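Have the sequence and the 3D view open as you read.

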Amino acid sequence: SAAEALGFSQLRAELLSKARGDVLEVAVGTGLNLRFYDFGALSSLTAVDISEGMLAQARRRAARELPPDAERRVSLRQADATALPL
């Protein structure tokens, strides 16, 4: 894909592996970023998207790709980025 050719996966891995503590990801989409977080360094990850369809895909991806101990620290929530319920 074009994203792969441009090195986006490597950039995502580099950036997201540096996240620490409580993290908010806005517009999580299908959850492509989830596998790049270092869950040993995160207290929690709240990921929001306005689309329930995208969140359903992100939930399936999380169940497939995340270590079992990481899933309990991840909250996938439907929300509008302009009016976050946090």
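The side chain of Arg 73 forms a salt bridge with that of Asp 69, at 3.7 Å from N to O. Here a salt bridge is a side-chain nitrogen of Lys or Arg within 4 Å of a carboxyl oxygen of Asp or Glu. Asp 69, for its part, is partly exposed, with a relative accessible area of 40%.

A word on the ground rules. This is a predicted model, in which local features need pLDDT of at least 70 and side-chain atom pairs count only at pLDDT 80 or more, while totals for chains, interfaces and linings use all residues. Residues are numbered from 1 along each chain as its sequence is written, and side-chain values use heavy atoms, with hydrogens and water left out.

How many salt bridges are there by this rule? The count is three. Another of them joins Glu 65 and Arg 61, at 3.6 Å from N to O. These two residues sit four apart in helix α3 (residues 52–65), which means that about one helical turn separates them. Arg 61 counts as buried at 18% relative accessibility, whereas Glu 65 is partly exposed at 33%. There is also a salt bridge between Arg 59 and Glu 52, at 2.8 Å from N to O. Arg 59 is partly exposed at 35%, and so is Glu 52 at 38%. In general, side chains of opposite charge can pair when their charged atoms come close.

Now step back to the whole chain. It has four helices and three strands, taken as DSSP runs (H or I of at least four residues for helices, E of at least two for strands) and numbered from the N terminus. From the N terminus on, their order is α-α-β-β-α-α-β. The radius of gyration, taken over C-alpha atoms, is 13 Å, close to the 12 Å that the globule rule (2.2 Å times the number of residues to the power 0.38) gives for 86 residues, so the chain is as compact as a globular protein of that length. Along the principal axes, the C-alpha atoms fill a box of roughly 35 × 30 × 25 Å. Of the 86 residues, 35% count as buried.

Notes:
Buried means under 20% relative accessible area, exposed over 50%, partly exposed in between (1.4 Å probe, protein chains only).
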